[in-house]
Amino acid sequence: MEFNTIFGLLDRSVKLYPNNTLTLDKINGQWTPRTYTQVRDLARNFGAGLIQLGIQKGDRLALLSEGRSEWLISELGILYARAINVPLSVKLIPDPEVTFRIQHSGAKYLIVSGTQAARIGNVCDNIGMEGLIYLDEKPEGAKGYSFEEIAKKGEQWLGNPDNLAAFEAAVAEVTPDDLVNISYTSGTTADPKGVMLSHGNYATNTIQSCTAIHLDPTDITFTILPWDHAFAHTTNLYCFIYFGAAVASQEIGKSPMETLRNIPKNMKEVKPTLMMSVPALSKTFRKNIESGIKAKGTFVWHMFEFFRKVAYIYNAEYYNAGHGLRWMLWPIKKLGDVLIMNKIRENFGGRLGYFVGGGAYLDIELQRFFLAVGVPVMQGYGLSEASPVISDNLFSA
């Protein structure tokens, strides 16, 4: 086994791809990259700063933020402090859902983005936490710390050779059995349960998942799934780290609706080569594709429908595409690809090879539709307790 902890995964990739872009965030209208080395170093500084706050091995810190580079750096920093991350969904109701998870996990601090800090207000004031850590600028008069403040404090502390040696010795003691996350279930049938996932869980599942998919260091994904979810966590973060590829974050708007409207624009800017999806998003993408085509008039719509049906016949069950007499449909399918399907793919950035879908059952009709468009959805299955990937269908299957 190449590594058995998250640190082993990260150190391996920093060694192999030190100057590759790991994270990409749109800040003040510009896409801002951070390299593998920069992410690792900033995470170490943040972790050392947490230690200066009194964080000890086994302590829990909750993380409530949209997907962004600081999300990943915060989790890695928590791990460098030998603590445990409690990732929280941005869709949770502040009280009782956020407060329940913080109290149940015993989290000492809540790391929170500016958007989420404004949303939760003061609901966390009286639930036994030691304070908030703000990923963005700390509000005037607010108690707690800023992300930059803690990272700076950690950087200064690590500047002392004795402190650095003690820090590295402590990190070296982390074992595969040490916890990475306490990830809470949805709680649809009862109170949510905290799923405890270790370094070994994630390391093993990342290696296993990466045998089913191959990426190049030049690949890039655009993330539209919440990173607290086990599917996006492992496949969108750790698997991409394994291959030295890049992770571009969704541009967060001033409102949820503005954030959704940013997705088409962001995809054209980032030009992802692979994306993770869930069936609900696949349905939305199909609806938007069909609405856009219908808006171009009846002739274009009927042309699209004709080529879509031809592609369905030609593709069959995918593994036997073009077999038998169906090969005779290839020129028509190719014409449809040139006239209309290629233009649809341009809306995804023009380089998207395929989606990896998970999180729920994906209807076969949706799979046929996206295969006809030329952006197949490869379906995976798993659950949080498995961290989370169990199986998937491959291109060769």
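1. Thr206 sits in helix H8 (residues 199-211); helices here are DSSP runs of H or I with at least four residues, strands are runs of E with at least two, and both are numbered from the N terminus. At 0% relative accessibility, Thr206 is buried. Buried means under 20% relative accessible area, exposed over 50%, and partly exposed in between (1.4 Å probe, protein chains only). Beyond its neighbours within four places in sequence, Thr206 is in contact with Thr234, Tyr238, Cys239 and Tyr242. Contact means heavy atoms within 4.5 Å.

2. A word on the basis. This is a predicted model, where local features need pLDDT of at least 70 and side-chain atom pairs count only at pLDDT 80 or more, while totals for chains, interfaces and linings use all residues. Residues are numbered from 1 along each chain as its sequence is written, and side-chain values use heavy atoms, with hydrogens and water left out.

3. Helix H3 (residues 69-80) and helix H9 (residues 230-243) cross at roughly 80 degrees, their axes coming within 13 Å. Axes are lines fitted to C-alpha atoms, for helices over the stretch in contact, and angles run from 0 to 180 degrees between N-to-C directions. H3 and H9 are therefore roughly perpendicular, a label for angles of 65 to 115 degrees; under 35 is roughly parallel, over 145 roughly antiparallel, and the rest oblique. H3 brings Trp71, Leu72 and Glu75; H9 brings His233, Leu237, Tyr238 and Ile241. The residues of this H3 and H9 contact divide into 5 nonpolar, 1 polar and 1 charged. Nonpolar covers Ala, Val, Leu, Ile, Met, Phe, Trp, Tyr, Cys and Pro; charged covers Asp, Glu, Lys and Arg; the others, Gly among them, are polar.

4. Check the cis peptide bond between Asp95 and Pro96, with omega about 25 degrees. Asp95 is exposed, at 52% relative accessible area. The side chain of Asp95 makes a polar contact with that of Thr99 at 2.8 Å. Such a contact is a pair of N or O atoms within 3.5 Å; within protein, one must be able to donate a hydrogen and the other to accept it, and residues adjacent in sequence count only if both atoms are side-chain atoms.

5. The bond from Ser387 to Pro388 is also cis, with omega near -20 degrees. Pro388 is in the loop between strand S14 (377-382) and strand S15 (389-392).

6. Asn28 has a positive phi of about 50 degrees. Asn28 is exposed, at 77% relative accessible area.
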